[in-house]
Amino acid sequence: MKILAYLSIGAKGEMLDISDDLLEQKLLEMGCTPGEQFEVVRKAPFGGPIAILISSYVLSIRKEDAMSIKVKLLENE
Amino acid sequence: MSSKTLKIALAGNPNSGKTTLFNALTGLKQKVGNYPGITVEKKTGKAILSEKILAEIIDLPGTYSLFPKSMDEQVAQQTICNNDNEDYPDITVVIADSTNLRRSIFLLTQIIDLNMVVVLALNMVDIATKKGIVIDVNLLSRELGIPVVAINARQGKGIVSLKEIIINSIDAKPKSPFLEVDKLFKGVIEQANKIRGVENNFASFMALCKQKLSGEIDYRCALNQLSKKEEIIPERAQAKETVKRYAQIDKVINSTVKKGSPIGKYMLTKKIDDVLIHPILGYVVFLSILFLLFQAVFSWSAYPMELIDVLFTNLQQFTADSMPKGMLNDLVVNGILAGLGGIVIFVPQIAFLFAFIAFLEDTGYMARVSFITDKLLRGVGLNGRSIIPLLSGAACAVPAIMSARTISSWKERLITIMVTPLMSCSARLPVYTLIISLVIPADEFLGFNLQGLVMMVFYLIGFVSAIVIAFLMKFIIKSKGESYYIMEMPSYKIPDWKTVLYTIIEKVKVFLFDAGKIIIAISIVLWVLSSFAPGKKFEQIEQKWAGIENAEMQISSEKLEHSYAGIIGKSIEPAIKPLGFDWKIGISLLTSFAAREVFVGTMSTIYSVGDDDIRSIQKRLADVKRQDGERFFTPAVGISLMLFYAFAMQCMSTLAIVYRETNHIKWPIIQFLYMGVMAYLSSFIAFQLLS
Ligand SMILES: Nc1nc2c(ncn2[C@@H]2O[C@H](COP(=O)(O)OP(=O)(O)OP(=O)(O)O)[C@@H](O)[C@H]2O)c(=O)[nH]1
Ligand SMILES: [Mg+2]
């Protein structure tokens, strides 16, 4: 188990659980359901937001919020 | 009457093309653009579905679910879900982005579960096809139990079949819900149904999760007791429902959609993003784009402006010569035409400005700017999403302030609303241009047009002061709710040139006609006020100078000073003298409270009255002399005047919209006051230091 905020660009993983309730609600309805695969595609400078490719679209969230997102790292193909 | 008006709501995820479809159906020209959150309020229009059937189409803000998190989403949710809503639809058309079907269907199935008449329009099939995504439309329709049609809203393809399908599905409610939500919460939903007296599982679930539905007053108490007894925590319950729903959606998607290779097709957008949101290059590009904008607005538009100037001066001369001499001639030439000429000349600048903004909005760049500025903006109490109101504030604060609706945290939204009017809007452009051309030499500076640079500095002053004030407000305004930044980054699109063109035409029209109307009215009033005086003052002046040769200049300037306009201006002169302004500028400041761009028209009218030469406002003002014979418009006066316009809240429409959006008279008043104080102090300091 890893924390999304710490993954580097290019890392692929699978959503596990989001510990912040409101954030979880918001992200779930945007398709970040447990088991959904994603790739970290972008990180804004100075600790700004990060962007992940999930469900065939790019979603950006704050790094701080990504701290409460638990993920499973997938082996690189 | 055999015709019947159907109410059709267009719902869907943000940026799925709802407004594009709305425009195609109604022939209207509502704003579209390539980032989530363009539409923030309901818009309605009429469409003819068939000879017999007229429909009222309702365009809604985008939303991801029926559980709204921000004000724009709430507008959409209330329209679709609340029977009491005035626009509650007979049929809901859900517009889905075909390249993003999984997420689009999520909202769709929630609406199905409300047991409403729904049609699914699969939009952007052109892009889906390019990405190699194949959707089995018939199978999808069977799986979901509702009609499905593929369309391309941008090119108007599939609209005819969409209309047919809509007509055929009037009254065709879905046969069964998509998700059996009652099975997830054993017995609770049935009890909620009973309390509400309505047999609708999903609606009752929504009500249990504290959503406002019709008849709420009657059942809210009982329902709250129920959820307490059954230990229903809305967030948890929704999470459970969402996960289950997606699980079921994934089954449908797997059987009906053949995916292209998502990562491969993301390549082009990725390559562009490598530059545009590069840690260093990203900011360089952003600043260069802004810089280019100012150079364009300033240098490129200089030529058409000159042309308009010549045309208008000729028109004025022609009118003056061809109309019989007298009062009316004077009113038309020196009142109306002078006022209008002052404003028409700025059309090229306005067009360039809006072209640029429309281009940026339709490519998908705005979401990137928001991405790279969130960190900075959050530090000062704003949100990455605030950059969109701030940037579009460069066009006009009114729609900009409304677009702050997409910011879910009230505090961040309020601060955004409070500081957006500090951004230099297009109405300030004529004021800046006029004064810059008067007091700044048209030299080159490091190879750049110096006047353009000064213009950019004033835009920067607007932006920096917005940031500083936001930072101060962060400590003053008490916090309410948490702050998130969750935003979809759309893939880049080639802008729809038609859209860009229409935007320009539309904005120029508004600028000309809205401002034009006010300017004509004010010019007439001003002309009257400055052509008449109380009592026999004018006769006295004429007698005083009678017999003295070449005294026309003195006579007309003395007349103006003693006219009604002069009296009003003189009475406020003491207050603005420390800023370097005389009573004529004072009058222009007053009229600017109707709208800033009126300044130029007013100056133009006021300086024309009694001046027989016909020439452009720039040339006229350049010749204005002080008592000691020196030029009146010194850099000190000019800079002071521009600073005043940079900060002062001289826009009734903005104040009205701030009142509407914040729902409290307190906020527009605070805004008016703090901006006024800033304007006065900065002008005062600048004038005293520079002169
Ligand atoms: N290629 C293509 N682009 C489309 C199509 N329909 C819409 N667009 C583009 O998609 C973008 C979003 O369109 P809008 O109509 O503003 O989307 P919306 O759903 O109203 O968005 P919000 O108001 O933000 O919720 C614009 O750039 C449109 O030009 C389509 O069928 N094909
Ligand atoms: Mg829209």
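Modeller: A residue is called buried when its relative accessible area is under 20%, and exposed when that area is over 50%. Please keep in mind throughout that this is a predicted model.

With that cut-off in hand, Lys69(B), at 19% relative accessibility, counts as buried. Its side chain meets that of Glu29(A) in a salt bridge, with 3.2 Å from N to O. Because Lys69(B) lies in the loop between β3 (53–59) and α2 (71–81) of chain B, while Glu29(A) belongs to helix α1 (residues 21–29) of chain A, the pair joins two chains. Glu29(A) also counts as buried, at 1% relative accessibility.

A further contact involves Arg62(A), which forms a salt bridge with Asp374(B), the closest N and O atoms being 2.9 Å apart. Arg62(A) sits in the loop between β5 (57–61) and α2 (63–66) of chain A and Asp374(B) in helix α17 (residues 365–379) of chain B, so this pair, too, joins two chains. Both Arg62(A) and Asp374(B) are buried. They also take part in a network of salt bridges that links Arg62(A), Glu64(A), Asp374(B), Lys375(B), Arg378(B) and Glu412(B).

Within chain B, the side chains of Lys544(B) and Glu558(B) meet in a salt bridge of 2.9 Å, again taken from N to O. Here Lys544(B) lies in helix α24 (residues 537–545) and Glu558(B) in helix α25 (residues 552–562), so the pair ties together parts of chain B that are 14 residues apart in sequence. Over all chains, the structure holds 32 salt bridges, and the pairs described here are among them.

Chain B also holds a metal contact. The protein donors of the magnesium ion (ligand 2) are Thr19(B) and Thr39(B), each through its OG1 atom, lying 1.9 Å from the ion. This pair links distant parts of the chain, since Thr19(B) is in helix α1 (residues 18–26) of chain B and Thr39(B) in the loop between α1 and β2 (43–48), 20 residues apart. Thr19(B) counts as buried at 7% relative accessibility, and Thr39(B) counts as buried at 13%.

Six of the seven residues of β3(B) are buried, so the strand is largely enclosed by the rest of the structure.

Finally, helix α3 (residues 101–113) of chain B has 13 residues and reaches 18 Å from its first C-alpha to its last, close to the 18 Å expected at 1.5 Å a residue. Since 13 of the 13 residues of α3(B) are buried, this helix is likewise largely enclosed by the rest of the structure. After α3(B) comes Asn115(B), whose phi is positive, near 65 degrees.

Conventions. Residues numbered from 1 in each chain as written. Chains lettered and ligands numbered in written order. Predicted model: local features only at pLDDT ≥ 70, side-chain atom pairs only at ≥ 80, totals over all residues. Heavy atoms only, no water. Salt bridge = Lys/Arg side-chain N within 4 Å of Asp/Glu carboxyl O. Helix = DSSP H or I, 4+ residues; strand = E, 2+ residues; numbered from the N terminus. Buried < 20%, exposed > 50% of the residue type's maximum accessible area, 1.4 Å probe, protein only. Donors = N, O, S within 2.8 Å, 3.2 Å for Na, K, Ca; no water. Expected span 1.5 Å × (residues − 1).
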